[in-house]
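Good morning, and thank you for joining this group meeting. Please look at the structure on the screen before we discuss a pair of strands, the domains and the cavities.

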Amino acid sequence: TAVGIGMDPDLQIDIITELDLVNTTLGVTQVSGLHSASKAFLFQDTEREIHAAPHVSEKLIQLFRNKSEFTFLATLQQKALTSGVILSIRELEHSYFELESSGLRDEIRYHYRFNGKTRTEVFPYRLADGQWHKIAVSLSASHLLLHVDCNRIYERVIDPPEMNLTPESNLWLGQRNRKHGFFKGVIQDVKVIFIPSGYITQCPNLNRTCPTCSDFLSLVQGIMDLQELLAKMTAKLNYAETRLSHLEDCHCEKTCQVNGLIYRDKDSWVEDDHCRNCTCKSGVVECRRMSCPPLECPPDALPVHVESQCCKVCKTKCIYGGKMLAEGQRVLTKSCRECRNGVLVKVTESCPPLNCSEKDHVLPENQCCSVCRGHNFCAEGHRCGENSECKNWNTKATCECKSGYLSVQGDSAYCE
């Protein structure tokens, strides 16, 4: 609650106040924060656009101009194991200042620009644990300080970031842009302060020079913990070096796993369902459709699909009343007849009853039994390749190539 007390208001910007967040802002909900002296908001919906209005961006640009030091402060409670951007000041794809918390890697990342190029400082720290934390990032020329919960966690010397923001720069809270970096949790007391050691405004008790007995005991305990950790890491490193010495003579190759089967590098196999030849190449499966040779049938035959075969075969055709029938096609005369091996054979099976009125009966092409109007012919197993799709018509189903594909040898069942 002491943030900014006794400080020139022209040297700070209260982000939540400037963004004018209210309980009706899309994607955020006002909730109880760490304290009741300022508003806190829960960021949870990814359909949100929490960014500054033009006059706020202009104010921020003026504050950053010709400055060499500033401090970013925030109080937050990040949902455990989530990742998201707390604050981002950017122009299109370029970040001038961006603070990101990764719960997947337990890292705090500071993105900035130096000589026109993006730089990133990574601080190993678990911020996404569902607990309240105060975080302060202070920059003075090339000197970077990170405080979490009033403890100095990291201190580094970095390349001096660019401070002169372009007029197109904008500020985003709880996200990187309209589509990425969505923060999940509660944010409160978000400020940017342009004074030396601005982190003291968040934790006034840090303004001291001599450590207390408690500080000294904590330091000793920390050194003991580090010594124990070093001993464990040394043991693990020795074990790893032993394992590596046994692996130096091994040859490793990337394999491919398909439908529960493992194929070695450069292995090939046939994928019958899609009529494709497949090869394992450095762990990646590459498949190409089988190439069917041109089929030239004699005058008394027609090319037809046969179950369990990828390429069409020639089958003797039947002729009835000037109409050509392929293998398996039927014609309704006084009785139902089917073309089998070039001969019309009488079919004795009866037609199933229909659950529609007689005016809605439709006779499909090359069939003897009527169906109801709107019948789904594609559901009867009409076969189309992986790059074509089945389309229902009034009396039949056909294959049509998907957008961007052309039929192979004039057959839309197979497209490339």
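Strand β30 (residues 407-408) pairs with β31 in the antiparallel sense over 2 bridges; strands are DSSP runs of E, at least two residues long, numbered from the N terminus, and two strands pair if DSSP finds at least two bridges between them. Within this pairing, Ser-407 has Cys-415 of β31 as its bridge partner. Strand β31 (residues 411-415) is largely enclosed by the rest of the structure, because 4 of its 5 residues are buried, that is, under 20% relative accessible area with a 1.4 Å probe, protein chains only.

This is a predicted model, in which local features need pLDDT of at least 70, side-chain atom pairs count only at pLDDT 80 or more, and totals for chains, interfaces and linings use all residues. Residues are numbered from 1 along each chain as its sequence is written, and side-chain values use heavy atoms, without hydrogens and water. The mean pLDDT, the predictor's confidence in each residue from 0 to 100, is 88 for the protein, and 95% of its residues reach 70 or more.

The domain assignment, which is automatic or from a database, gives domain 1 (12-202) and domain 2 (262-289). Their centres, taken over C-alpha atoms, are separated by 48 Å.

How many cavities of 30 Å³ or more does the structure hold? There are 2 of them, a cavity being a set of points on a 1 Å grid over the protein atoms alone where a 1.4 Å probe fits but cannot get out. The largest cavity has about 50 Å³ of space. Its lining residues, with an atom within 4 Å of a point, include Phe-64, Tyr-96 and Glu-162.

Notes: Buried < 20%, exposed > 50% of the residue type's maximum accessible area, 1.4 Å probe, protein only. 1 Å grid on protein atoms, 1.4 Å probe; cavity = no way out; pocket = protein on both sides within 12 Å on 5 of 7 lines; lining within 4 Å. Points joined across faces, edges and corners; volume = space filled by probe spheres on them.
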